[in-house]
Amino acid sequence: MSELTGLFVVKPESVTATKGKDITFVAKVDSSNLLRKPAMKWLKGKWLDLGSKAGKHLQFKETYDRNTKVYMFILIIKVVDGDAGGYRCEVTSKDKCDSCTFEVTVQGRSGDRQSHYYAGEDAGDLDFSALEKKQQVVQEEVDVWEILKAAKPCDYEKIAFEYGITDLRGMLKRLKKMKKVEPKKSDAFLRKLDSAYSVDKGKRIQLSVEVADPNAQVKWLKNGQEIKPSAKYVFESVGNKRTLTINKCNLSDDAAYECVVGEEKSFTEVFVKEPPVTITKLLDDVHTVVGEKVEFEVEVSEEGASVRWMKDGVELNRETAGSKYRFKKDGKRHILIINEATKEDIGMYYAFTNGGESKAELEVEDKELEVLQSIADLTVKSAEQAVFKCEVSDEKVTGKWFKDGVEVQPSDRIKMTHIGRIHKLTIDDVKASDAGDYTFVPDGYALSLSAKLNFLEIKIDYVPRQDPPKIHLDTSGTGNKNTITVVAGNKLRLDVEITGEPAPTVCWMKGDQVVAEAEGRVRVETRKTLSSFVIEGAEKPDEGHYSITVTNPAGEDKAELFIKIVDVPNPPENVKCTSVGEDSAMITWDPPAFDGGVPVKGYLMERKKVGSSRWTKLNFDVYESTTYEAKKMIEGVLYEMRVFAVNGIGISQPSTNSKPFMPIAPTSEPTRLMVDDVTDTTCALKWRPPEKIGAGGIDGYIIEYCKEGSDNWVQANEEPVGKNQYRVKGLPVGEKMLFRVVAVNIAGRSPPATLSQAVTIREIMENPKIRLPRHLRTKLISLVGEKVNLVIPFQGKPRPVVTWFKDGIPLEDKTVGTRTSEVDTILFIRSTERAHSGKYTLSVQIENMSDSADIHIQVVEKPGPPIAVHVTEVWGFNAALEWKPPKDDGNCDIIGYTIEKADMKTKEWFMVYEHNRRPSCTVSDLVMGNEYSFRVFSENICGLSDEPGISKNTAIITKTGLAYKPPPFKEKDISSSPKFTAPLVDRSVVAGYATAISCAVRGHPKPKIIWMKNNMIIGEDPKYLMQNKQGVLTLNIRKPSLFDGGRYSCRAINDLGCLNFTSWPGPGQVSLTAFNKAQHDKSPSPQP
């Protein structure tokens, strides 16, 4: 099953076209995500495929752009009247599809006569422009459609052949629409399908009909194809009801359906609506630097849904974005890619669907270079190699090397390399002149990295054999005397020159422990005049006091030094959010427990939305304080924070994430606080919600009160109330109290809404008063069986006592119910009867004060028939009637009578008078010789009586003595012998095509007809069909062959003679010649 996706880049648009002109429709399809070429269909109406009608009238073209991978499909129509209507184009590719609709309206050229062609749903499948031209040439005044409408269906083919109509199917469609068919009552269906049904995608729908025969079998069709029962289509049959259930509707179920019972059908259409596409994963804010790639990702609820991207209110699409932006779809994920971010890309980005939206902010800052590894001081001997190495964050950055402020030039001995992010300066065969300060300066950045090259000069002194040992240790380049600083993870190699004769013994110690000369991470390498102390990958435990002792027979020498290991600091601790605002939050943390041996310079902060994996940097410059206010956040969204510590060595690992927090603000104060009611110990308050609520919503309200002049506010409710009203109880009588209301949500309390004036706690006496609705101030008239429900408000304090009376007696009728609340009372009757008519009195009373109101209810129904209807006098063409009023007037006045008459022959009733107010009338214009009966209906405000009063006697309109004597009838003799009035005509026909020959004859009595071929009587041969309609004789020959050619004659015989022809050809004979179709095609058709 194909899935609906947004494949169209450009869709055809509806147009108004001029008859005779060409119109062009263009559709563009993006194939970048398609595995194969898409297939395009152009449809007219609902199902008519235009691809089969390509020609001069319809032209189809297509092109392909390899750069953009966009297919362009073009439809060109030469407009005629029949092209008006709705069109649809569908594109499919494997499991994806898309469709769009457009309309074509055709208007005639100025000066043309008004077109009378029908432009319905299937219009346009037949072009009659050629037929119009042919009609104009052959016969200007002939309207072929009027001929077809008046002709019999069996003559349609003959008329079509005569007037040059070749598309018989299209002709029949159009003719069917032109004919007006009177709707007839269905014999098979008691209830048909509705004209249309609508269902949401994925939901279930039921189509049901009721059939007249409970045992009838039905068939269900979809777009003309029979539906078979399955898990998707379920058939049910219960009594007369037949139901089709369609489960899990999708777009393919949007179709026309039929229910067929025998020869009768019931039609309907089902429209499947797509649910709105919602956003399930929101956009994340992005904080980046210039030149970096940026991706905004959003996830929607439906695969293939259409997502619109906008930046600061301007839509981004493939046509306007150019190479700056790229759009990517991966299932439900939609991604907007910015290849290289610039300052111009800063702004708010939006993703829209038809059911939601999401936004995120992009912040772009100038790129700063980060030093990942600085260059280190080197101490080398003559002829050795010195290598300075550093690593920066951007592999594209170039730079220069300087020695003592002078740029270093490459040579055979000095080489400079740049591989990725690593820059190296290599000096081979080091000389004493190479010693100095070396600096690397990156191009375009105010940054420099420096280190010192120490040249270790070896001096050979000729001394006597007994030379005390001496340690030549130079730590002048390491800062503090005899202190060596090493970055954790780096390698330390300390070469110490030793002199003495004979060669002294060397001993390295850390505190009291001897450092062994062995393979390992910490080791000593000894040569003749050089002792090297090596630490591979320095660690914090390696820090401490070290000593070197050299001895020989001539003496001893000792040197002490301190090795300091420095590293990046530990992560900050206890990161938490202390307070939140509408779009901000205050974050605090504790400094790292270990600063890495180097003072902490500051901190870097990052944040992200809960559920997202993308962290956004909040600062690029080091922030020194341990309290930070994060801004530009979205209210109502959960965030997490983490912090990095920075020292002179580098950046620490991130801290643990803070607990999720939500930027949110308290609501504004409640509005329109007022007093609703006051009693001796209570006060009822009501108010409206705050104008500004925000994403936190409202958890409830807290009501507080205090005495006037005091600041001691007391909370009236323990838990927040959800309603906008509350009654404060337990108040002191007679005191003046102040009240205030505070809205509460997750962010805290809102500002209070306070009453402007104090309220005195005392019961307010109010006289009872009934507020009778306007429509009850007059008589209430109700029909028998109707429901009466009267709501009557009243007022009064304290609560009045309510009493109902009917006709002055307390109401005790169980069929009349009452219900009373504090502010109103209800009188209800479920089904009225005439006995419920009368005066109902409502009384409300407080102590000795009272108020009352009367309600008049009149229950009416139709009256009975008049009585004693009789004809009192008949004269001429007139009759006088009288009657008496009905016994039952329906509980209301009779407003008139309706009189009807009927001829005793036809028994059909005709109205004579309406709304006749008197119980008598005179009926005039009666027909002489007829006998009449009369009936009378009585009428009140409910209508006419169900039964009439029928007259006991009749009125006979007698004749006045005139007598008509018709002349005697003389029958005319119309007998005659047979005579041909239209002869037979020679015919030449094509073999295999049915033909007919005919003539006309008259005679009385009706003559007997005999057909002959070559003077041989044609018997009951099924090949021939002989017809005689009102004297027109026709011989039909079914599929004649060459052997059917010959002389055909017709003979007519009756009692007065026989018309027999002996000569040839005569008026009763014809010559029939048959040709093969091949011979007919080669030779011109013979003329009759």
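Val 486 stands opposite Ile 565 in strand 46. Strand 39 and strand 46 (residues 555–566) run parallel, joined over 5 bridges. Strands here are DSSP E runs of at least two residues, helices are H or I runs of at least four, and both are numbered from the N terminus. Two strands count as paired if DSSP finds at least two bridges between them.

This pair belongs to an open sheet of 5 strands, ordered 39-46-45-41-42, with mixed pairing. Strand 39 (483–487) and strand 42 (513–514) are the edge strands, each pairing on one side only.

## Model and conventions

This is a predicted model: local features need pLDDT of at least 70, side-chain atom pairs count only at pLDDT 80 or more, and totals for chains, interfaces and linings use all residues. Residues are numbered from 1 along each chain as its sequence is written, and side-chain values use heavy atoms, with hydrogens and water left out.

## Overall makeup

The protein chain has 6 helices and 89 strands. Of its 1088 residues, 39% are buried (under 20% relative accessible area; exposed is over 50%, partly exposed in between; 1.4 Å probe, protein chains only).

Take contacts (heavy atoms within 4.5 Å) between residues at least 6 apart in sequence: 63% join residues at least 24 apart. The chain exposes about 63300 Å², with carbon and sulfur atoms supplying 49%. Accessible areas come from the Shrake-Rupley method with a 1.4 Å probe; for residues, only the protein chains shown count as cover.

## Nonpolar core

The largest nonpolar core has 25 residues; Phe 8, Phe 25, Met 40 and Trp 42 have the most contacts inside it. Strand 4 (22–30), strand 5 (39–44), strand 8 (70–78), strand 9 (85–93) and strand 10 (96–107) each supply at least two of its residues. Such a core is a set of buried Ala, Val, Leu, Ile, Met, Phe, Trp, Tyr and Cys residues joined through side-chain atoms within 4.5 Å.

## A hairpin and its neighbor

Strand 53 (residues 671–678) and strand 54 (residues 683–688) pair antiparallel over 5 bridges. They form a hairpin with 4 residues between them. Asp 677 stands opposite Ala 684 in strand 54.

Strand 54 also runs antiparallel to strand 57 (residues 725–728), through 4 bridges. Here Cys 683 stands opposite Val 728 in strand 57.

## Cysteines

The structure holds 0 disulfides (pairs of cysteine sulfur atoms within 2.5 Å). Cys 892 is in no disulfide; its nearest cysteine sulfur, that of Cys 942, is 5.2 Å away. Cys 892 is buried, with a relative accessible area of 7%. Cys 259 counts as buried because its relative accessibility is 0%.
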